[in-house]
Amino acid sequence: MNSHKFLRFIVGCLVIVATVKYFFSPSSSSGRVEKIIQGSGFWSQHRIPPLNLVDNQIDPLKKEQPQQPSTDRLEVHPKKPASVLSNQEELHLEVKQAPDDNTMAAPFKIVHLDLKGAAPKVKYLEQIFPLLSSLGANGILLEYEDMFPYEGELAILKSSFAYSPEDIEEIKSLAKRNQLELIPLVQVFGHLEFVLKHEKYFSLREVAEYPNSINSLAQGSLELVKEMLTQVMKKHPESKWFHIGADEVRGLGESEDSKRWLEANSGDMGKLFLNHVVAVGHFMTKMRPEIRLILWDDMFRKFSSNSIQESGLQRLASPMIWNYLPNMDVDEIGNLISKYEQAGFQGVWFASAFKGASGIDQRWTPIDQHLKNHLQWLKVIASMPQYKSISFSGIAVTGWQRYEHHTVLCELLPVAIPSLAVCLQTLKYGSFNNKARSELQHIVGCEIQLHKNDCKGKSFPGSDIYDMVKKINNNLESSIKKIMTSYHVRGSFSSYHRKRNFANPRNLGFFKDSLKKLLDEWDSFLLTFRQSMEAIYYPDTLEEWLEENVNEHIERLHEMVIDVERIIKLNGQPKMDQTS
């Protein structure tokens, strides 16, 4: 009897050991982790671990991308068996470094912040960085221009309200805290107006009369660019990516230096451009061998793939193809991708727009136009499997604040937050479908009404400015026009009457109170608007925006009130002779 009990005891122990070994063996847990990674489509093929343990919706940017030939391996080292990992715990993943773009957590969804106008205070960035992350962004492209705290001889380049070194550290910390890859952007060829406007650098202009572009052949030009890059790089030692601009090099080839060079080099404009950006690229990679460079592609769209390849640019940088049109030609973009693949580029970036690309003085963001632009880009992204040796690195959703340094402001950032939310959700879900709308409403606190170009019910940072700009845009000019076209104003308060102080006080009395009431209402409203703007922006932005969009109308209203009160006091006296 005892022997039977002992035998049953032995069998029971073996069963328990086998069960424990099955559930807690490293190989089985590793296999389950590996399966999770492989199940995420694009990311597994690019050996990147974007684990979404909450939402099973597949991001279309991660679908059906070509698997690039590589010897890289993703090594998984789980601390615990996969079966006991909680949503709050991170898998510890090690990605071996390689010189291609695929090791840099591609594809990125980058939000571009253009600081060459209406640069927000850091405390506003503290509010919107979590919002951007929640909407699906995983990076920030920071175009510094004159907001960087340049030092030494370059100190004249910075704005009076430039960020301080402490601000830069705080921005970096905010980005890291919100899992946003921070990519600095410094122009190195065109769009150097903020540098070349200073008399000190007049001699470095490509066209003497214009501050747009640098003369790459002038003594001191490359040294200037290197010093700018060095100062920015030192503030961003952790950056894996760096954007060197190089778009829209206005006047290239027009300086005497360039003309002589072109004459000696068979008029090869492409080589003139490529020589400079390649020199910049070599400087950057020598300083930081692991850095990956990006540059706008428009200047070399017409160059042959052989010219690009011979320059060696493809070993230093990746092109960012930009197009902001709602009816963007997808086939044309495909031709550019093919050319860049033939030139030997391993990665390609795209750039869409959520604001600042629909009109040089646009005040109110056309959401539907930017949505259509992103739907076109999704078609391009879906076509990427056909390209075998070039991969999709990511997309920058640009938010331009000016067309260039000397032009007026485009839409303020808070005004464009609903557009940005639509664009990011569209990239996430492949269309602006019900799921995208619902998630946007949950995150941003508003219902998008495309037919009205509006966001109903708002709770996002800066939504008060959104509402107030909307009122200014829709009502300021029209409210003054309404009273100006009223019966008694047209009949008794024309410019002729006002110049000659000639009017019947009885007729002016019909609209005097309404005019004064309208002025008081707008004065009170604009006081609140100023306070909201000052919480987000520096004084120069507030001054410029009011000058461009408000002051003309309010001054007109003030003058009308002053004139009507003055003329009423004259009790209908004879008109003043303007010749006397």
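A residue counts as lining a cavity when it has an atom within 4 Å of a cavity point, a point where a 1.4 Å probe fits but cannot get out. I keep that in mind here, and also that this is a predicted model.

**Cavities.** I searched the whole structure and got three cavities of 30 Å³ or more. Which strands each supply at least two residues of its lining? I found β3 (108-114) and β9 (347-355). The largest share, three residues, comes from β3. Among the lining residues I noted His112, Asp114, Pro120, Phe354, Lys355 and Gln401. Sorted by class, I get six nonpolar, three polar and two charged residues in that lining.

**Core.** Next I looked up the largest nonpolar core, which has 151 residues. Phe129, Tyr163, Met228, Phe242, Phe273, Phe350 and Trp545 touch the most other members. I picked Met228 and listed its contacts, leaving out residues up to four places away in sequence: Tyr150, Leu154, Leu157, Val186, Gln187, Leu192, Phe194 and Val195. There is also a second, separate core of 16 residues, with Ile110, Leu141, Met320 and Trp400 among them.

**Helix α8.** I then went to α8 (residues 256-264), where Ser258, Trp261 and Leu262 are the buried residues. They sit on the same side of α8 because they cover an arc of only 100 degrees around the axis. On the other side of α8, I see Glu263 and Ala264 exposed. The cover over the buried residues of α8 includes α9 (269-287). Just after α8, I noted that Ser266 has a positive phi of about 55 degrees.

Note on methods:
Residues numbered from 1 in each chain as written. Predicted model: local features only at pLDDT ≥ 70, side-chain atom pairs only at ≥ 80, totals over all residues. Heavy atoms only, no water. Core = buried A, V, L, I, M, F, W, Y, C linked by side-chain atoms within 4.5 Å. Buried < 20%, exposed > 50% of the residue type's maximum accessible area, 1.4 Å probe, protein only. Contact = heavy atoms within 4.5 Å. Helix = DSSP H or I, 4+ residues; strand = E, 2+ residues; numbered from the N terminus. Arc of directions from axis to C-beta. 1 Å grid on protein atoms, 1.4 Å probe; cavity = no way out; pocket = protein on both sides within 12 Å on 5 of 7 lines; lining within 4 Å. Points joined across faces, edges and corners; volume = space filled by probe spheres on them. Nonpolar A, V, L, I, M, F, W, Y, C, P; charged D, E, K, R; others polar.
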